[in-house]
Amino acid sequence: MGGLVLALGYLTGLVSGPLVAAVGGLALNTFGRSLRMDRRGQVLAAAGLAVIAGALGIAALRWGTLELSELRSVQAVLGPTVLVGPEPAATAAIIATVAASVALALWVAALPVRGFVGWAWTGLETVSVALALVTAFWGPKILLVPDVPSSEVVSSFGVWAIAAAVVTIAGVGGGLLARMLSPSVRSGLMIASLVAISVAAGFIGSTL
Amino acid sequence: MNPVILYSVHTLLAVVLAVGTLAPPKWRRSILLGAAALGCIGGLALALASGDDTVWRSTTLSQPRGIIAGTAVACAWLLAGALGSDRTLGSASLMGLASTGILLATLGDWIVPALAIWLASSVALVALVSLGEVRVGALLAIGVSDLALVGAFALHALDERVWTVPDSLAGLPLALAAASLVVRSGALPRIGIWEALDSQAAPALPLLLGGPLALLGVPLSGSGPWVSIAALVVALGLGGLSLWGRDLRLSVVGSWPVWLSMGLIAAAPAVLIPAALAALLALSAVALWPATHGLARPSRGLLLGFLPLTAGWMAIVGTAVVAFDRGAPGARPLAWSLIAGLLPLTVAAGVALAARVARQSAPNTSETIAAWAARALFVAGVCLGLLSPSALGLARDTLGDLDNVLALNGVAVGLAFVAGAIAYRRGPEGASSVGAQVEASAGTLVYSEDRADTAVMVGVFALIAVGSLAAVTYLAFEGLSYGFLPPSNL
């Protein structure tokens with residue numbers, strides 16, 4: 001509960017602050033869920049968190065800032081992180097996005113969920129992760145300042161909301177699919193995601 | 001408050017406890033609890049009073065040393081009260097003596113008196129860890145670390161001809177100071193001071209960590225990104241080791257916060273206070289562990305994992321801000337980028353470790369004082385995490401716009417409290433745990449109990465102690481020959 005409030009508070013722009021503060025909310029969510037997992041589930045959930053946090057870190061290193069407002073602003077001017085060159089940086093961002101999406105699906109699959117309330121809560125937690133990824137990699141600025149025309153506010157908010165919804169659906173849907181996989185296959189996919197994040201980090205490191 | 005009172009109250013309490021050993025058994029427990037409460041308040045008062053830079057004799061009640069040392073003493077008294085019985089007044093008395101020594105040494109301005117008092121406090125600690133049985137590993141850890149500390153300060157003083165306690169070290173003195181911290185603080189898993197775990201000497205653990213952190217934290221902070229990387233990698237290794245085994249070994253889990261704090265402090269000097277306090281709270285929670293009978297598990301997990309909203313999380317955020325700022329294009333970005341890459345792994349390892357700790361099996365669910373003490377540590381950690389970052393030496397906007405952050409944190413804590421209350425009302429049946437619970441054991445490697453070997457190792461310790469004392473004596477005479485007042489000290 002506390003983790004969700006923290007993450008959404010930062011990611012919706014209610015509170016300005018560093019991206020890592022939002023990661024703290026995701027970490028608390030993962031901790032709360034891990035209390036009801038077995039050892040393998042705990043390790044998978046923590047590894048998923050590591051991949052997602054690592055991907056967010058790659059976006060932060062790409063733009064040289066941890067501030068959420070600056071990440072939104074720079075993408076509003078230059079474009080989404082995954083589309084802006086130089087080529088190694090864009091490649092790193094794309095790899096990180098894919099790896100984080102896979103990790104999100106595996107993270108959802110690791111959560112013990114039962115009943116409608118459980119799935120609704122899981123959906124909210126997935127939204128918080130999706131908002132973090134969208135803000136870092138596809139982050140049009142949310143225009144909520146007085147001088148901006150309302151049509152621009154709606155369009156900017158719309159794109160942001162659609163992107164977050166797509167990632168959420170991919171996360172929950174991927175999670176449902178991943179539940180059909182054997183634990184060893186899920187572990188293999190998580191290891192592949194970790195390797196992909198390392199490769200992305202190498203790409204982003206080459207641009208520094 | 002007068003610093004004389006803040007320093008000496010622990011010695012007075014030690015005298016009261018020593019006299020209390022003669023009291024009827026039914027009174028002893030009350031005497032111990034009363035003394036522990038007063039000692040705890042005394043330590044906290046000193047921590048809160050530091051920053052005024054009040055000078056008394058050759059000591060200055062300054063930040064960050066005062067905060068760290070005061071908190072270490074408060075934690076030690078908390079452990080003495082929570083773990084004690086009517087038979088532990090003597091050990092608590094020794095702990096009180098050591099507390100005054102630690103405070104005077106870490107807040108000392110001049111090297112020679114600080115080292116002399118430090119060695120005196122070590123004598124009390126040695127007596128404490130030797131109560132009941134000779135714990136050779138702990139003795140050697142204290143002796144070797146003291147020798148390394150004296151060597152570090154002596155080399156620095158003789159090279160620079162400066163007789164004040166250093167705020168920065170380099171080269172061999174820095175390496176020796178780091179070695180002293182590692183050996184004494186519990187960073188070495190399973191050996192050394194971990195022999196004191198689950199014994200009447202357990203209250204010494206916060207002093208053994210807090211003392212060197214207060215004295216050496218400033219010179220070691222900012223020792224460089226590569227030192228930070230090394231410490232974070234070791235912390236991750238220990239975290240992995242704790243997750244790997246079927247059972248939890250407390251002497252391995254307890255090393256994790258020490259290395260993690262060292263890694264954070266080495267990268268970002270500004271996080272010294274939150275990182276040191278987080279390590280102290282986590283280590284104290286580990287020391288309380290065997291007596292909590294499986295209670296207060298999530299609280300302990302959150303403290304050990306450095307998770308939001310504890311002081312440890314603030315240290316992680318502060319370090320991340322520094323690492324990502326310096327990891328951007330500029331001078332030497334590789335090391336800072338590596339730290340930026342290690343931090344997400346650290347957070348994930350903290351989450352996994354915290355979850356594993358929180359699933360420790362509960363052989364007995366009856367409430368104990370130790371369980372309440374563990375909860376008190378958690379509340380202290382959360383209170384520190386909810387403070388303005390500037391109160392802990394960080395930039396005011398580390399977590400974002402302060403007013404909004406405080407409101408958000410307040411809402412998060414309030415809702416978490418409500419959720420916790422609902423879960424508590426549902427009881428254990430409401431929590432649908434899956435899989436096996438986790439067993440925990442001290443897991444300390446105890447030195448051979450062969451009496452001949454023990455005698456030899458105690459002899460080695462005595463030689464090391466004599467060496468430390470000789471070095472301090474030499475340093476005193478060398479300083480006297482210079483009048484202790486070269487121009488740089490004026």
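The buried residues of helix 7 of chain A pack against helix 5 (87–110), helix 6 (115–137) and helix 8 of chain A. Here, contact between two residues means that their C-beta atoms, placed from the backbone, lie within 7 Å. A residue is buried if 20 or more other C-beta atoms lie within 10 Å of its own, exposed if 12 or fewer, and partly exposed in between, again with C-beta atoms placed from the backbone. Helices (H or I, at least four residues) and strands (E, at least two) are DSSP runs, numbered from the N terminus.

Bear in mind that this is a predicted model: local features need pLDDT of at least 70, side-chain atom pairs count only at pLDDT 80 or more, and totals for chains, interfaces and linings use all residues. Residues are numbered from 1 along each chain as its sequence is written, while chains are lettered from A and ligands numbered from 1 in the order in which they are written.

Back to helix 7 of chain A. Its buried residues include Trp160(A), Val167(A), Thr168(A), Gly171(A) and Gly174(A).

| Helix | Residues | Length | Span, first to last C-alpha | Expected span |
|---|---|---|---|---|
| Helix 7 of chain A | 150–178 | 29 residues | 41 Å | 42 Å |
| Helix 4 of chain B | 89–106 | 18 residues | 26 Å | 26 Å |

Helix 4 of chain B is mostly covered, with 17 of its 18 residues buried.

Now for chain A as a whole. It has eight helices and zero strands. Its radius of gyration, taken over C-alpha atoms, is compared with a globule rule of 2.2 Å times the number of residues to the power 0.38. Chain A comes out at 17 Å, close to the 17 Å that the rule gives for 208 residues, so it is as compact as a globular protein of that length. The C-alpha trace of chain A spans about 50 × 40 × 25 Å along its principal axes, and buried residues make up 55% of its 208 residues.

A compact globule of 490 residues would have a radius of gyration near 23 Å, and the 22 Å of chain B agrees with that. The C-alpha atoms of chain B fill a box of roughly 70 × 65 × 45 Å along the principal axes, and 57% of its 490 residues count as buried.

So where do the two chains meet? The contact takes 41 residues from chain A and 44 residues from chain B. Helix 3 of chain A gives the most to the side of chain A that touches chain B, with twelve residues. That side of chain A divides into 26 nonpolar, twelve polar and three charged residues. In this count Ala, Val, Leu, Ile, Met, Phe, Trp, Tyr, Cys and Pro are nonpolar, Asp, Glu, Lys and Arg are charged, and the others, Gly among them, are polar.

Most residues other than glycine have a negative phi, and most peptide bonds are trans. Yet the bond from Gln63(B) to Pro64(B) is cis, with omega near -5°, and Pro64(B) sits in the loop between strand 2 (59–61) and helix 3 (65–83) of chain B. The bond from Pro308(B) to Leu309(B) is cis too, with omega near -5°.

Phe306(B) has a positive phi of about 55° although it is not a glycine. Phe306(B) lies in the loop between helix 13 and helix 14 of chain B, and is buried, with 34 other C-beta atoms within 10 Å.

Key: Expected span 1.5 Å × (residues − 1).
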